[in-house]
Amino acid sequence: MEIIICGCFGKMGREVFKTALTRENTKIVAGIDRNVKKFGNVIKDSENFYVAPVFENASQVNIKCDVIIDFSSPTALDSLLEFAKKNSIALVICATGYTQEQCDLIHEFSKNVPVFMSSNTSLAVNLLIKLAKISKQILGNEFDIEIIEKHHNQKVDAPSGTAMMMAKSLSEKNTELVFNRTNIEGKRNSNEIGIHCIRGGTIKGEHEIIFAGLGECFTLKHVAESREIFARGALSAAEFIKSKSSGFYTMTDLMDCL
Ligand SMILES: NC(=O)c1ccc[n+]([C@@H]2O[C@H](COP(=O)([O-])OP(=O)(O)OC[C@H]3O[C@@H](n4cnc5c(N)ncnc54)[C@H](O)[C@@H]3O)[C@@H](O)[C@H]2O)c1
C-alpha cells in the first residue's frame, strides 16, 4: 500500500511515518506540509535510510499513491479533495475542527471517491463510544451525561473532535449540548449533555464520559499514552478503504469487520 501523508511534519504526521516504517507492505511515497521552508522538502527516518519527498501543497504533488492520510488541518481540505478526485485516490481524514459546511462537502465528495473520516482513530476510544451507547440504552434518561476532555497546551481547537463525536453518538432529537456552564443560570435540564475542556502541558488526550444517576455514578474513561495508537488506527483505516468503492466510511465500519 502506497501512502501520502498530509501534515507529515506535524506530531501525528511524523508518528504515522514512523509507524508505517514498521509495517510490511506499507510505503510512504510522499508527504505534504506547508512547513517545507522550515523542515526541508524531504521526510526521513533517524538513520536517513528511508527518504520521501515533501510538497508544500497537494496541487504540487506529482506522485501517485493508493491512499492519502491527512493529519494536517481543515485549511488543507480543498486542495486535498481536488487532488484525490483528479487521481481517484482514497482519503483518510483524521484532522479535526471542520465546519458543518466542510463536513457536508466531504460527504458530497465521498460519492466519487472512498473517504474514511474519524476524529479519533484509536480502536479503544471507538469501543468506549460503543459501550457508552449501550450504557445509555440500559441506564436510560435517569442518568445525566457529562463529557470531560483534556489535551496538551498546543491544541488549537476545542472541544476536541473526539468529545464532539462522543456527544453526537449519545444525542437524541431533543438533546442540547452545553459547553462550559459559566454564566448559565438555573438548574441542569435532563436533556443536556455537558462538555468540558482542559488544556495543559503535554497531555496526549483523555476523554471521560460520566453517567451521573441518583446515588450512583458510572464513568467510562480512555487515556491516550502514546500518539502511536492514532497512527496505527489511521494505517488500518487506509488498509480498510484502499480497495473500497466510493462512499463514506468511519471507525464503526472498520470495527464491524473485526
Ligand atoms: N483522528 C485522530 O485520531 C487524531 C489524533 C490526533 C490528532 N488529530 C488531529 O490531527 C490534526 C493534526 O494534529 P497534530 O497534533 O499532528 O498537529 P500539528 O500541528 O503537530 O501538525 C499539523 C501539521 O500539518 C501541517 N499543516 C496544517 N495545515 C496545512 C495545510 N493547509 N497544508 C499543508 N500542511 C498543513 C502543519 O504545518 C503541521 O506540520 C489535528 O486536527 C488534530 O486534532 C486526530
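How much space lies in the largest pocket? About 1,200 Å³, in a model that is predicted. The legends below take the close-up views in turn.

**View 1. The largest pocket and its lining.**
The space in the largest pocket comes to about 1,200 Å³. Its lining is made up of 47 residues, and those closest to the pocket centre are Met12, Phe71, Ser72, Ser73 and Ala95. Helix 1 (11-21), helix 3 (77-87) and helix 6 (161-169) are elements that each give at least two residues to this lining. Sorted by class, the lining of the largest pocket holds 23 polar, 16 nonpolar and eight charged residues. Domain 1 (2-121 + 227-256) and domain 2 (123-223) each contribute at least three residues to the lining.

**View 2. The second largest pocket.**
About 790 Å³ of space is found in the second largest pocket. This pocket has 30 lining residues, and Ser119, Gly161, Met164, Met165 and Lys168 lie nearest its centre. Helix 4 (100-109), helix 5, helix 6 and helix 8 (251-256) each provide at least two residues of the lining. Helix 6 gives the largest share, with five residues. The lining of the second largest pocket counts 13 polar, 12 nonpolar and five charged residues. At least three of its residues come from domain 1 and at least three from domain 2.

The domain assignment of the chain gives domain 1, residues 2-121 + 227-256, and domain 2, residues 123-223. Between the C-alpha centres of domain 1 and domain 2 there are 28 Å.

The five strands follow the order 9-10-8-11-12 in an open sheet, with mixed pairing. Strand 9 (176-179) and strand 12 (217-223) are the edge strands, and each of them pairs on one side only. From one strand to the next, the twist averages 15 degrees. Helix 5 (residues 123-139) packs on this sheet and touches strand 8 (144-151), strand 11 (206-212) and strand 12. The direction of helix 5 makes about 170 degrees with that of strand 12.

**View 3. The pairing of strand 9 with strand 10.**
Strand 10 covers residues 192-199, and strand 9 pairs with strand 10 in the parallel sense. Four bridges make up this pairing. In one of the bridges, Leu177 has Ile193 of strand 10 as its partner.

Which residues does the cis peptide bond join? Ala158 and Pro159 are joined by the cis bond, with omega about -5 degrees. Pro159 sits in the loop between strand 8 and helix 6. Strand 8 is one of the strands that helix 5 touches, while helix 6 supplies residues to the lining of the largest pocket and to that of the second largest pocket.

**View 4. A positive phi at Asn25.**
Asn25 is not a glycine, yet its phi is positive, at about 65 degrees. The loop that holds Asn25 runs between helix 1 and strand 2 (27-32). Helix 1 is also among the helices that supply at least two residues each to the lining of the largest pocket.

Definitions and conventions. Residues are numbered from 1 along each chain as its sequence is written. This is a predicted model: local features need pLDDT of at least 70, side-chain atom pairs count only at pLDDT 80 or more; totals for chains, interfaces and linings use all residues. Side-chain values use heavy atoms; hydrogens and water are left out. Two strands pair if DSSP finds at least two bridges between them. Axes are lines fitted to C-alpha atoms, for helices over the stretch in contact, and angles run from 0 to 180 degrees between N-to-C directions. Contact means heavy atoms within 4.5 Å. On a 1 Å grid over the protein atoms alone, a cavity is a set of points where a 1.4 Å probe fits but cannot get out, and a pocket is an open set with protein on both sides within 12 Å along at least five of seven lines; lining residues have an atom within 4 Å of a point. Grid points are joined across faces, edges and corners, and a volume is the space filled by probe spheres set on the points. Ala, Val, Leu, Ile, Met, Phe, Trp, Tyr, Cys and Pro count as nonpolar, Asp, Glu, Lys and Arg as charged, and the others, Gly among them, as polar. Domain bounds come from an automatic or database domain assignment.
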